[in-house]
Amino acid sequence: MSLIRHAVAAEDAARVPGAVVLTDVVKRYGRGPGAVTALDGVSLNVAPGSFTCLVGASGCGKSTLLSLVAGLDELSAGSIDNVERPVAMMFQESALFPWLTVSGNVELALRVKGVGRAERRQRAAELLDTVRLNGFAHKRPHELSGGMRQRVALARALAQDASVLLMDEPFGALDAMTRDILHDELERIWRERELTVLFVTHNVREAVRLGDRVVLLSSRPGRVLNVYDVGLDRPRRIDSAPVAGLAAEITDALREEVSRHAG
Amino acid sequence: MPVETVSSKEEDTSRERLSGLDELERTPVTETRWGRFGSRLWASTWPKVLALVLVIGVWQFLVLIEWKPVWVLPAPLTVWEDLAAYASTPDYWQAILITMQRALTGFALSVLVGSVLGIAVARFRPLRAAIGSAITGLQTMPSIIWFPLAILLFKISESAIMFVVVLGAVPAIANGIISGIDYVPPAYKRVGAVLGMKGLTLYRHVILPATLPSFVSGLKQGWAFAWRSLMAGELLVIIAGQGSIGALMQGAREFNDASRVIGWIVTVLVIGILVDAAFRAADNRIRSSWGLNQDR
């Protein structure tokens, strides 16, 4: 069991850009007897440049965990140490702004950071090239397919130039073929840019396909049940036997956890 | 160098695969052909032509059966001839100018007041409870009810008319903004927060742009209220020396000039239709560039 809980090491790890150290994170909603504990003592040491997938059944607080790391929500107890704020984040819905062009959406992330107009234009073009969407800069979001929109959202997230990228089921609404291709793309971009990725998904195979580690969370309250080191060589394929094998093992553990909640 | 060959080949594969996927996933854009444009134009025109024919038919019928004496209810052709002659006099256009000036001033004032009020109410919770319901209450009031008070407050003056016009239009415009802000998708606000936007920046780049469609429909409604209030005002508050549409219409009634009265009614109808078409065009433009009307 490679559950990390070295408080001293954590202090040092958090000094490195891209590292995220969670120590006994607790998140409760509401007060008194009606309070719901979403996360209960989650500790996790995310190394810079690593790809960590969080899986769990409904109610495990995996999205809550990302919101806390992003600083969108307040902790009830514990601590999260990461050097940078804001971190980049993308969601299941692309949430591109319909009043801006594709390029305008990417540029907005730069604009908020105070980047000048000419440089914005140029960096947006580079980022759109990174996600292979050159030629679509002047389209409106609604003119693109779901997969393309997620790539724009990824480009917008990359525009934040943060070393930590949080992804909340980013490919959840896409069809299998698109998702498969986007896995390759994400892997490429993660490697090229040496990003630290925290990736939430309910798709265990996707987690094994992408992650260096897969963190399995329990439900209600969310706790770290197990951390799997995915020692498979890259590039991986989602339908390869080793990926399927480890995914089956994790799915079994997940099923056990779900049954535990049987009324 | 074999390493580089591999990586550039990999790069090509990635580009090729994605562009293939993009090609397949995007819905092919159907070209708007002239034939289609023509049939669409016809489809939107014929109900209006039919309506016109029906109204004029009934009118002509009432004239033929002599439901009322001709000097009270003149025939459509008489009114048309009178209107055509009148439209070549400066009086006619001067009246339209005065009225439109009032309408635009009143509307601009209402947009200003309505926008500030709407943002303030949407933004500050205590204001919300108090003023929010006042705005809704105000919207149920027929604007003509304000005129006696307006005349007492401002006498027979331009201000009396403006007071009622603004009072009529502001709630609709404010409500457009308030509901626009209320229905900004939470996902947009989350993205704004992730990008590091707060307070005014978030308003400027996310919340206000997102309210645009709702704001435009508020404007459209606000204009309708302003226009109605103005017409009521011009008929009630007749300012000496100001030959507005309402004033000239009242004058025509005093001279039993039914033809002229109907001529003005037609004029007001046409102005209303034109302004409505302008708002509709703006609305359609926003909708199509935002992808809100995907019913092609």
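Author: Hi! In this predicted model, the axes of H3(A) and H5(A) come within 8 Å and cross at roughly 25°.

Reader: Nice. Are H3(A) and H5(A) roughly parallel or oblique, then?

Author: Angles under 35 degrees count as roughly parallel, so H3(A) and H5(A) are roughly parallel to each other. Their crossing is right-handed.

Reader: Which residues in H3(A) and H5(A) meet?

Author: From H3(A) you have A:Val102, A:Asn105, A:Val106, A:Ala109 and A:Leu110, and they meet A:Val152, A:Ala155, A:Arg156 and A:Ala159 in H5(A). By class, that contact has seven nonpolar residues, one polar and one charged.

Reader: Okay, now H4(A). At what angle does H4(A) pack with H5(A)?

Author: About 130°, with the axes of H4(A) and H5(A) 9 Å apart. The two helices are therefore oblique to each other, and H4(A) passes H5(A) in a right-handed crossing.

Reader: And what does H4(A) bring to meet H5(A)?

Author: A:Arg123, A:Leu127, A:Leu128 and A:Thr130 come from H4(A), and they meet A:Ala155, A:Leu158 and A:Ala159 in H5(A). Five of the residues in this contact are nonpolar, one is polar and one is charged.

Reader: Switching topic: how many residues does each chain give to the contact?

Author: Chain A gives 25 residues and chain B gives 25 residues. On the side of chain A that touches chain B, H3, H5 and H6 each supply at least two residues.

Reader: Which helix has the largest share on that side of chain A?

Author: H6(A), with five residues. The side of chain A that touches chain B divides into 14 nonpolar, five polar and six charged residues.

Methods
Residues numbered from 1 in each chain as written. Chains lettered and ligands numbered in written order. Predicted model: local features only at pLDDT ≥ 70, side-chain atom pairs only at ≥ 80, totals over all residues. Axes fitted to C-alpha atoms, helices over the stretch in contact; angles between N-to-C directions. Helix = DSSP H or I, 4+ residues; strand = E, 2+ residues; numbered from the N terminus. Parallel < 35°, antiparallel > 145°, perpendicular 65-115°, else oblique. Left-handed = near helix turned anticlockwise from the far one by under 90°. Contact = placed C-beta atoms within 7 Å. Nonpolar A, V, L, I, M, F, W, Y, C, P; charged D, E, K, R; others polar.
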